[in-house]
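Hi everyone, thanks for making time this morning.

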Amino acid sequence: MRLLHASILKEANATLTTSPSLLMIAASETLRLSLKIKELEEHQKAARNTLVCALNQLLDLKDLGTGAHSTRLAEWAVRIGRLIGVSEAEIYQLEVAAMLHDIGKIGVPDAILHKPGKLTLEERAVMQKHPEYGWSILRLFDSLEQASLYVLHHHESLDGDGYPAGLKGDDIPLGARIVAVVDSFDAMISSRSYRSGLPHDEAIRRLLAAQGKQFDAAIVDVFIPIAEKEVLNVFAATGTTSRVAL
Ligand SMILES: [Fe+2]
């Protein structure tokens, strides 16, 4: 795209230097080329968005239900980002990261991904490769560099007990800390073939218990009112109840 811009600007300069007397024509040509650049940028943006949606759909085909989970996460992550003052450019990176945070699961064998019940230590090690796999896909896009780092670190824990890098506190990128909170909450309330989702109140209790240890306390504080507000929608989508388990 940068090369294309340079070639278009060169074309505009050539027009101006070879026809200095035709300023009106040159001005109109410059305007036409500016509009062309804008149009190309819009096309590039649309192509990138289509690709993000296609990757999300691919994930849904691989692990049924994950795609819908990712879309829900993206909505929550964007709301948290706006509430804590994340810039619009970073909001886009956050949205993409939340939507594609588990894209690396494409590289995890189905026998592990769909295994009912607990994973062995070896299987868990393979599963825990998925943030790195996801990063290796997204880092290929110049415009998604930040999102690729959020994907890489979405299973880090504030106290350093997470993976893959064992980062602590603010060393974990903010976007990754946001994705970690919404991902964990959604995973807790979602039912799997081998277990039922937790009641909403219990999931909130666990978020609060891990506040400042696993999760960023400020992000949990911002997210809880969002989760409370959405309780009916969430439980309609996940098929769990809002009763607290005794
Ligand atoms: Fe994940």
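Let me begin with a question: is Gly134 buried or exposed? Before I answer, please keep in mind that what you see is a predicted model.

Now to the glycine. Gly134 is buried, because 27 other C-beta atoms lie within 10 Å, and 20 or more are enough to be called buried. You will find Gly134 in helix α7. Leaving aside residues up to four places away in sequence, Gly134 touches Leu100, His101, Asp102, Ile103, Gly104 and Val151. Take Ile103 from that list: Gly134 and Ile103 are 31 residues apart along the chain, yet their C-alpha atoms are separated by 5.2 Å.

Let's step back to the whole chain. The protein has 12 helices and 0 strands. Of its 246 residues, 29% are buried. If you take the contacts with a separation of 6 or more, 61% of them are between residues 24 or more positions apart.

Next, the core. In soluble globular proteins, nonpolar side chains tend to be buried together. Here, the largest nonpolar core has 42 residues. Those with the most contacts inside this core are Ala77, Ala97, Ala98, Leu100, Val179, Val181 and Val182. Helices α2, α3, α4, α7, α8, α9, α10 and α11 each supply at least two of its residues. Which helix gives the largest share of this core? That is α9, with 8 residues. The core also draws at least three residues from each of domain 1 (1-62) and domain 2 (64-238).

Not counting residues up to four places away in sequence, Ala77 touches Leu94, Glu95, Ala98, Ile178, Val179 and Val182.

Now please find helix α8, residues 145-152. Its buried residues are Ala147, Ser148, Tyr150, Val151 and Leu152. What do they pack against? Their partners are α4, α7 and α9.

Staying with α9, let's see how it meets α10. These two helices pack at an angle of about 145°, and their axes are 9 Å apart. The crossing of α9 and α10 is right-handed. From α9, the contact uses Phe185, Met188 and Ile189, and from α10 it uses His200, Ala203, Arg206 and Leu207. Sorted by class, that makes 5 nonpolar, 1 polar and 1 charged residues.

Also in α10 is Leu208. With 14 other C-beta atoms within 10 Å, Leu208 is partly exposed. Its C-alpha atom is 9.0 Å from that of Ile224, which sits 16 residues away along the chain.

I have two loops left to show you. Gly117 is in the loop between α5 and α6. Why does Gly117 count as exposed? Because it has 8 other C-beta atoms within 10 Å, and 12 or fewer is the cut-off for exposed. Gly117 and Arg192 are 75 residues apart in sequence and 9.7 Å apart in space, C-alpha to C-alpha.

The other loop runs between α8 and α9, and Pro164 is found there. Most peptide bonds are trans. However, the bond joining Tyr163 and Pro164 is cis, with omega about 10°.

Key. Residues are numbered from 1 along each chain as its sequence is written. This is a predicted model: local features need pLDDT of at least 70, side-chain atom pairs count only at pLDDT 80 or more; totals for chains, interfaces and linings use all residues. Helices (H or I, at least four residues) and strands (E, at least two) are DSSP runs, numbered from the N terminus. Two residues are in contact if their C-beta atoms, placed from the backbone, lie within 7 Å. Axes are lines fitted to C-alpha atoms, for helices over the stretch in contact, and angles run from 0 to 180 degrees between N-to-C directions. A crossing is left-handed if the near helix is turned anticlockwise from the far one by less than a right angle, and right-handed if clockwise. Ala, Val, Leu, Ile, Met, Phe, Trp, Tyr, Cys and Pro count as nonpolar, Asp, Glu, Lys and Arg as charged, and the others, Gly among them, as polar. A nonpolar core is a set of buried Ala, Val, Leu, Ile, Met, Phe, Trp, Tyr and Cys residues joined through C-beta atoms within 7 Å. Domain bounds come from an automatic or database domain assignment.
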